[in-house]
Amino acid sequence: MKQVSNMANTSNGSLATLLILFTILAAINTALKDARFQLVNFSDNELRVSLSNVSLSDEGRYVCQLYSDPPQEAYANITVLVPPGNPIIESREDIVREGNETEITCTSMGSKPAATIRWMKGDKELQGKSKVEATYDRMFTVTSWLRFTVMREDDGVPVVCIVDHPAVKDFQTQKYLEVQYKPEVTIKVGFPQGLIREGENLELTCQAKGKPQPHQVNWVRVDDDVPSHAVITGSDLYIENLNKSYNGTYRCVASNSVGETYADYILYVRDALTTTPKPTTTTTTTISATTSPPDITQDAAPSTEAAAHDSQAGPEAQRLDHAVIGGVVAVVVFAMLCLLIVLGRYFARHKGTYFTHEAKGADDAADADTAIINAEGGHNNSDEKKEYYI
């Protein structure tokens, strides 16, 4: 506590000034007879005292009087701040199930003025409801309630009660949530990876996580029985030498004290892979020519052997079959076009030119000798004929 007052003073420190100062000192010692008050500084223009071990009863108005001509007074109002005690946090239940509502209470007692309470869940601020009560000793008690619905993600998250007061900073307490929830089930494929075909082996692992930890994990086949030779070890399902009769939905069911959940795996077995030969094309061509009426024999026998493919029930298998068939057709068409081009060039280069034996006047000859003579004589005038033959 500090109060400064201006006092009269002469240039040579007169006796009147000293009398005034002593009078003030005497008045202070008379008025403040509490040992907690101590004189800190006493000079011509300042009188300073201190008060230790302040309590709520020390709150009030303090007066400093200067015995001068005329007398002077100064006032100081003292407000005593009382920090709150340690906040107390409580919950309606220690363990909460997922989806239920919980209530947490935080209480701050014995403060002046009344404190304010804020709530944090993790890094998110929540809004609570508060109530302020005044006590008989002019202090206050503040109580705040927080209600919210818990989820499995809230397990292990701290709920913090923060007390704001002018006399303290960062005054808080917290409680960690404990949430119970049903198992969360996932199915992991050990092998094979990718498409599943006949003759292969299958291994599935059921992974279940819950609070409390699932105490039971079962494998079932929806609408049918699990194959008789399937091996179930704990959470693992093993089936060897698969065939299409095993197609169906396999379900992993996990349960704990909160409830039961499951996950499904749909098994679809495809045909086993077979060796596919490469498409081949064979072409045979025979050409013959004589001086008698033209005759060309051609034997072109292209043949392709279609590859045997797996029967694919899904869209991916159908696209694969269409691609293979399209490739084979393209190869056959290309081979036929090449064959036609080769034959065309061959026939264009092999064409015959000859003279007929029928000369002018040979038909009118009397006998054969005369016809031969006429034919030889008229050979230069005979009609030239060109013929193309195949």
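C206 counts as buried, at 5% relative accessibility. Here buried means under 20% relative accessible area, exposed over 50%, and partly exposed in between (1.4 Å probe, protein chains only). The model is predicted: local features need pLDDT of at least 70, side-chain atom pairs count only at pLDDT 80 or more, and totals for chains, interfaces and linings use all residues. Residues are numbered from 1 along each chain as its sequence is written, and side-chain values use heavy atoms, with hydrogens and water left out.

C206 is joined to C252 by a disulfide, S to S 1.7 Å. A disulfide is a pair of cysteine sulfur atoms within 2.5 Å. The torsion about the S-S bond of C206 and C252 is about -80 degrees, so this disulfide is left-handed. The pair links distant parts of the chain, with C206 in strand β16 and C252 in strand β20, 46 residues apart. Helices (H or I, at least four residues) and strands (E, at least two) are DSSP runs, numbered from the N terminus. C252 is buried at 0% relative accessibility.

The structure holds two disulfides. C106 and C161 form a disulfide with sulfur atoms 1.8 Å apart. The S-S torsion of C106 and C161 is about -75 degrees, so that disulfide is left-handed. C106 lies in β7 (residues 101-111) and C161 in β12 (residues 158-165), 55 residues apart. C106 is buried at 0% relative accessibility. C161 is likewise buried, with a relative accessible area of 0%. Counting bonded cysteines along the chain, the pattern is 1-2, 3-4. C64 is buried at 17% relative accessible area, whereas C338 is partly exposed at 32%.

The largest nonpolar core has 19 residues, and L242 and L267 have the most contacts inside it. Such a core is a set of buried Ala, Val, Leu, Ile, Met, Phe, Trp, Tyr and Cys residues joined through side-chain atoms within 4.5 Å. Strands β16 (202-211), β19 (236-239), β20 (248-255) and β21 (260-267) each supply at least two residues of this core. The largest share, four residues, comes from β16. Another core, of 18 residues, lies apart from it and includes I104, W119, L146 and V159.

An open sheet of four strands runs in the order β5-β7-β11-β10, with antiparallel pairing. Strands β5 (88-91) and β10 (129-134) stand at the edges, each with a single partner strand, so one side of each has no neighbour in the sheet. Two strands pair if DSSP finds at least two bridges between them. β10 and β11 (residues 140-149) pair in the antiparallel sense over six bridges. W145 in β11 is the bridge partner of K129.
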